[in-house]
Amino acid sequence: LDSFDDLDMPPASITSVLSNSWISQSLRKSMLSTGVWGMISSKSKKAKPDGFLSRFYSIMGVLTPSLAWGFLGDDDVLKPVCASLREDIINVLSMVFDEDQTDYSSLDSLSEALYKLLQMSANQFTLQLNDVIS
């Protein structure tokens with residue numbers, strides 16, 4: 001959730017590059033991707049080589065530049081998809097921590113409730129993506 005707050009107020013260097021109309025869209029996208037990839041790369045070097053964080057950062061190294069462009073760039077197709085993803089993630093997390101919607105009485109009930117919430121969210125997001133693609 002902190003990352004979503006960071007997206008609302010990106011660093012001035014990123015804002016100035018993204019808002020510079022003299023720089024082509026592809027170059028702005030490339031510069032943003034390079035910056036994001038550099039941050040992830042430096043974090044991944046601190047993780048254990050075959051550990052969870054190492055694998056997590058490998059996946060994020062692929063996904064995050066596109067997501068950053070979707071949130072911060074001016075792509076008319078990707079921006080609403082990323083905004084919807086942000087809203088879905090916040091909604092799922094609020095449902096996960098809502099005791100009225102998630103059963104915390106046992107590990108099995110919690111696992112089942114989380115599985116259902118995540119499956120429902122993934123299905124809804126897939127439908128939204130299909131609408132965008134169609």
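Colleague: Let's start with one residue. At 14% relative accessibility, does S54 count as buried or exposed?

Modeller: S54 counts as buried, because its relative accessibility is 14% and the buried class covers values under 20%. Keep in mind that this is a predicted model.

Colleague: Where is the place of S54, and what is S54 in contact with once its neighbours within four places in sequence are left aside?

Modeller: S54 sits in helix α4. With those neighbours left aside, S54 is in contact with A47, K48 and P49. There is a distance to look at too: S54 and S44 are 10 residues apart in sequence, and their C-alpha atoms are 5.5 Å apart in space.

Colleague: What share of the 134 residues counts as buried?

Modeller: Of the 134 residues, 25% count as buried. The chain exposes about 9600 Å², and carbon and sulfur atoms supply 61% of that.

Colleague: And how do I read contacts across the chain?

Modeller: Look at how far apart the partners are in sequence. Take the contacts with a separation of 6 or more: residues 24 or more positions apart account for 47% of them. S121 is a case to look up. It lies in helix α6 and, not counting residues up to four places away in sequence, touches D88 and V92. At 12% relative accessibility, S121 counts as buried.

Colleague: Now for charges. Why would two side chains pair up?

Modeller: The general idea goes like this: side chains of opposite charge can pair when their charged atoms come close. In this structure there are two salt bridges. One of them joins D74 and R28, whose closest N and O atoms are 3.4 Å apart. D74 lies in the loop between α4 (52-72) and α5 (78-96), while R28 is in helix α3 (residues 25-44), so the pair ties together parts that are 46 residues apart in sequence.

Colleague: How far apart are the closest N and O atoms of E112 and K116?

Modeller: They are 3.1 Å apart, and the two residues form a salt bridge. E112 and K116 are four residues apart in helix α6, so about one helical turn separates them. E112 is partly exposed, with a relative accessible area of 46%, and K116 is partly exposed as well, at 49%.

Colleague: What about the charges taken together?

Modeller: The chain has 10 positive and 17 negative charges, and their mean positions are 14 Å apart.

Colleague: Which residues form a nonpolar patch on the surface?

Modeller: Look for V77, L129, V132 and I133, which together have about 360 Å² of accessible area. Take I133 as the example. Its place is in helix α6 (residues 107-133), and I133 counts as exposed because its relative accessibility is 69%, where exposed means over 50%.

Colleague: Is F97 buried or exposed?

Modeller: F97 counts as exposed, at 65% relative accessibility. You'll find F97 in the loop between α5 and α6.

Colleague: One more for practice. How does I59 count at 49% relative accessibility?

Modeller: I59 counts as partly exposed, because its value is 49% and the exposed class needs over 50%. The place of I59 is in helix α4. I59 and I40 are 19 residues apart along the chain, with their C-alpha atoms separated by 10.0 Å.

Key:
Residues are numbered from 1 along each chain as its sequence is written. This is a predicted model: local features need pLDDT of at least 70, side-chain atom pairs count only at pLDDT 80 or more; totals for chains, interfaces and linings use all residues. Side-chain values use heavy atoms; hydrogens and water are left out. Patches are made of residues with over 30% relative accessible area and no salt bridge: like charges are joined within 9 Å, nonpolar side chains (Val, Leu, Ile, Met, Phe, Trp, Tyr) within 5 Å. Accessible areas come from the Shrake-Rupley method with a 1.4 Å probe; for residues, only the protein chains shown count as cover. A salt bridge is a side-chain nitrogen of Lys or Arg within 4 Å of a carboxyl oxygen of Asp or Glu. Helices (H or I, at least four residues) and strands (E, at least two) are DSSP runs, numbered from the N terminus. Buried means under 20% relative accessible area, exposed over 50%, partly exposed in between (1.4 Å probe, protein chains only). Contact means heavy atoms within 4.5 Å. Lys and Arg count as positive and Asp and Glu as negative; His and the chain ends are not counted. The place of a charge is taken as NZ of Lys, CZ of Arg, CG of Asp or CD of Glu.
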